[in-house]
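Here are some notes for a colleague opening this structure for the first time.

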Amino acid sequence: MPIVSPYTNDKINLHQLSIFKHGVCTVCGKPLAECTKVYSGKKKGGEYAIVCENCKDKIETHVAENVYYRQEAEIPACDTKLWRYQDFSKFVSLLDSGKLFFTRADSFDDPFECARGFNFQKDAVYSEIEKYLRLSVKTKLMDAGNNHPSDDEIERELKKEMDELVKRQEEKRKEYFVSCWHENERESEGMWKLYTSALSQGVAIQTTVERLCCSLENDCFEIGKVNYVTFDKPLTETQVPVWYKRDVFAHEREVRVVIKDSAYTCNGMPVETNLDTLIEKIYVSPTAPEWLAGLVKRVALQYGLDKPVEYSRLNDKPCY
Ligand SMILES: [Zn+2]
């Protein structure tokens with residue numbers, strides 16, 4: 001059976017397949033072992049596959065041969081429901097532009113975006129790197145003709161190099177562009193309040209992991225659940241900070257799409273998005289006037305989107 005997206009009726013591409021079937025061989029279904037070889041390409045008949053060593057003969061046209069590493073952030077299941085709560089104006093802006101806006105990591109309100117820990121843990125964060133840098137600084141001074149650099153000279157040069165390294169690490173935040181989503185099977189009262197400037201103007205779009213991944217006209221992204229941590233211990237060198245946030249944000253249950261691009265210099269990246277694929281349902285806020293629900297439906301239709309518009313269930317009448 002070819003893997004076909006139910007939303008676009010298209011065969012999904014290799015990148016999407018690697019997300020939806022992350023960690024398993026698409027032929028035998030067995031989990032891929034960390035650090036083993038994986039082969040991707042097309043099977044007879046043109047269908048994409050990502051396979052283990054045992055199944056590599058099943059691939060007729062090889063595309064790539066890689067070593068398998070489990071992605072740092074857990075990839076949610078295809079049918080996981082994702083939500084974006086926003087003001088009506090932002091909703092219209094999305095329809096009008098047809099683009100999802102990816103915020104550059106250093107532009108978020110949270111200064112801990114892409115942080116490895118607290119400032120007071122700086123020495124611990126950089127201790128390993130410092131060890132290597134100390135050796136290279138000594139070699140550098142000797143190469144420059146100073147055959148017996150003094151401890152003072154080494155320390156001075158090391159401090160200079162460390163300062164530059166810290167600055168570079170901070171600059172690295174500018175390479176990450178992020179689209180944030182709230183994972184939930186149902187609506188969340190808290191999210192309505194958090195992400196609308198006036199609750200009565202709130203509109204939420206609901207999608208799924210599969211819809212989101214199939215809707216983006218850019219294949220250079222990763223998707224995953226944010227890991228919430230206390231930072232009691234700073235992140236290690238091998239951990240990628242964009243996938244970690246402080247546990248004070250755990251209520252956001254964030255799934256994020258991340259694009260890494262060091263060449264793009266704007267503080268946000270609009271990404272072409274197929275909105276018909278993206279949007280499954282539209283919800284209007286529990287305190288929205290009735291006319292807003294009608295308006296949301298009509299505006300969506302004007303942009304060619306015939307999607308169910310539902311009133312927030314938080315509005316349902318109680319029975320005592
Ligand atoms: Zn296999």
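1. Glu47 has a relative accessibility of 16% and so counts as buried, where buried means under 20% relative accessible area, exposed over 50% and partly exposed in between (1.4 Å probe, protein chains only). Its salt-bridge partner is Lys43, with the closest N and O atoms 3.9 Å apart. Lys43, at 21%, counts as partly exposed. A salt bridge here is a side-chain nitrogen of Lys or Arg within 4 Å of a carboxyl oxygen of Asp or Glu.

2. The model is predicted: local features need pLDDT of at least 70, side-chain atom pairs count only at pLDDT 80 or more, and totals for chains, interfaces and linings use all residues. Residues are numbered from 1 along each chain as its sequence is written, and side-chain values use heavy atoms, leaving out hydrogens and water.

3. The whole structure holds 27 salt bridges. One of them joins Lys159 and Asp163, whose closest N and O atoms are 2.9 Å apart. These two residues are four apart in helix H4 (residues 151-171), which means a separation of about one helical turn. Helices (H or I, at least four residues) and strands (E, at least two) are DSSP runs, numbered from the N terminus. Lys159 is exposed at 53%, and Asp163 is partly exposed at 41%.

4. Asp276 and Lys307 form another salt bridge, at 3.1 Å between the closest N and O atoms. Asp276 lies in helix H7 (residues 275-278) and Lys307 in the loop between helix H8 (290-302) and strand S14 (309-311), so the pair ties together parts 31 residues apart in sequence. Asp276 is partly exposed, at 43%, while Lys307 is buried, at 9%.

5. A network of salt bridges links Glu113, Lys245, Glu252, Glu254 and Arg256.

6. The chain is divided into domain 1 (23-67), domain 2 (81-111 + 174-315) and domain 3 (119-172), with bounds from an automatic or database domain assignment. Eight residues of domain 2 are in contact with seven of domain 3, contact meaning heavy atoms within 4.5 Å. One salt bridge is found across this interface.

7. Two residues other than glycine have a positive phi: Cys114, near 65°, and Arg253, near 40°. Most residues other than glycine have a negative phi. Cys114 is in the loop between strand S5 (99-104) and helix H3 (122-143) and is buried, at 15%. Arg253 is in the loop between strand S10 (244-246) and strand S11 (254-260) and is partly exposed, at 42%.
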